[in-house]
Amino acid sequence: SSDVCSSDLAAMAGADPARCRGYVSSGSTESVLHALAAGRDTLRSKVGKAPFVVASDQAHGCVAKSARLLDLPLLSVSSGPDGTIDLDALRSNLVAWKDHPCLAVATVGTTFLGAIDPVDVMSEVLNSTHPDRHRLHIDAALAGFLMPHTSARGWNLASGAHSFSVSGHKMIGVPVPCGISVWREGTFDWPQVSPDYLMSPDITLSGSRAGLAVGALWLALHHWPKDRLAREARQCLENSSWLAESLGLAHWPTRRHPHSTVVVFPKPSEKLCARWQLHVEGTAAHVVVVPRVGRELLAQFVASMGIGPGISSDFLPERANLR
């Protein structure tokens with residue numbers, strides 16, 4: 001069921017499932033929109049003012065879309081060289097808007113660089129500038145099912161965040177787009193209708209959702225061998241590390257976050273970009289290693305790339321364009 005899947009995710013995200021709520025959404029965009037809409041209504045009721053939204057310039061485009069749909073101002077904070085949010089810039093923006101409540105979004109696995117925002121430090125900053133007047137959401141669409149099986153720290157609900165979301169069709173490979181949203185009990189206080197035919201409060205944003213997605217997620221989380229997800233996560237990390245090393249040996253400079261399966265490199269020829277359907281941003285391209293991408297396919301990719309340009313690792317375009 002949807003409740004069981006959200007309980008599983010709450011545990012993976014470092015929270016007590018018994019003290020969390022959640023549901024299976026249509027995807028990460030709905031999950032982020034739900035967190036911001038519920039946070040807006042909660043903070044507006046509590047503080048008496050509409051909040052603003054703050055996120056890194058590497059945040060997924062759904063954050064800007066959600067802010068626009070909710071008619072909330074968005075502060076886009078610059079990112080550092082590794083793609084994570086610039087904490088000094090975050091603090092400066094928060095201080096400048098200290099009279100308004102805040103909805104913050106941390107990205108765990110940015111779209112292009114795979115960077116992991118430091119949720120624990122972001123929470124500390126928010127507690128210092130907006131105590132009791134903020135909500136912090138973690139958009140872990142890309143890496144939410146990967147991170148629990150790494151040595152990474154300070155990225156989850158246990159690090160001070162209020163809500164968390166992940167995609168179901170990326171790491172797990174559910175055949176239809178979907179996501180899971182979870183939030184700590186007491187985080188949101190917004191109007192909930194209880195239609196007679198539901199026999200329970202409607203905590204969702206979209207209402208009707210695909211039962212196929214819920215069933216596929218439940219099967220993956222409860223009928224796969226217990227160690228399968230951890231094993232596949234480790235395999236993806238090992239394969240992405242191997243890919244970065246192999247490209248380096250072929251004189252292709254690469255960038256890869258230590259807890260990410262995203263490998264970034266200079267954009268190759270248009271022919272290769274089309275052949276492998278590479279995600280390209282300016283002068284850079286990337287590959288995301290998921291469980292369906294094995295070492296044999298990666299070896300074919302490396303062989304097709306040939307000898308690289310051998311330039312320095314400073315091949316990325318302006319970070320604000322890496323979305």
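Me: How many strands form the open sheet that has mixed pairing, and in what order?
Reply: In this predicted model, 7 strands form that open sheet, and the order is 1-7-6-5-4-2-3. The pairing is mixed.

Me: Ok, and which strands are the edge strands there?
Reply: Strand 1 (20-25) and strand 3 (74-77). Each of them pairs on one side only.

Me: What does the twist average from one strand to the next?
Reply: The average is 20° per step from strand to strand.

Me: Which helix packs on that sheet, touching strand 3?
Reply: That's helix 4, residues 87-96. Besides strand 3, helix 4 touches strand 2 and strand 4. The direction of helix 4 makes about 155° with that of strand 3.

Me: Let's zoom in on strand 2 and strand 4. Do they pair in the parallel or antiparallel sense?
Reply: Parallel, over 4 bridges. Strand 2 covers residues 52-56 and strand 4 covers residues 102-107.

Me: Which residue is the bridge partner of Ala55?
Reply: Val105, which sits in strand 4.

Me: New topic. What is the order in the open sheet of 3 strands?
Reply: The order is 8-10-9, and the pairing is antiparallel.

Me: And which are the edge strands of that one?
Reply: Strand 8 (262-266) and strand 9 (279-281), each pairing on one side only.

Me: By how much are neighbouring strands of this sheet turned against each other on average?
Reply: By 30°, with direction ignored.

Me: Which helix packs on this sheet?
Reply: Helix 7, residues 228-249, which touches strand 8 and strand 10. The direction of helix 7 makes about 15° with that of strand 8.

Me: How many bridges are there between strand 8 and strand 10?
Reply: 5, in the antiparallel sense, with strand 10 spanning residues 284-288.

Me: What about strand 9 and strand 10, how many bridges?
Reply: 3, again with antiparallel pairing. Glu281 has Ala284 of strand 10 as its bridge partner.

Me: How many residues lie between the strands in that hairpin of strand 9 and strand 10?
Reply: There are 2. Look at Gly282 in this hairpin: its phi is positive, near 60°.

Me: Last one: why is strand 10 largely enclosed by the rest of the structure?
Reply: Because 4 of its 5 residues are buried. Buried here means under 20% relative accessible area.

Methods: Residues are numbered from 1 along each chain as its sequence is written. This is a predicted model: local features need pLDDT of at least 70, side-chain atom pairs count only at pLDDT 80 or more; totals for chains, interfaces and linings use all residues. Side-chain values use heavy atoms; hydrogens and water are left out. Two strands pair if DSSP finds at least two bridges between them. Axes are lines fitted to C-alpha atoms, for helices over the stretch in contact, and angles run from 0 to 180 degrees between N-to-C directions. Contact means heavy atoms within 4.5 Å. Buried means under 20% relative accessible area, exposed over 50%, partly exposed in between (1.4 Å probe, protein chains only).
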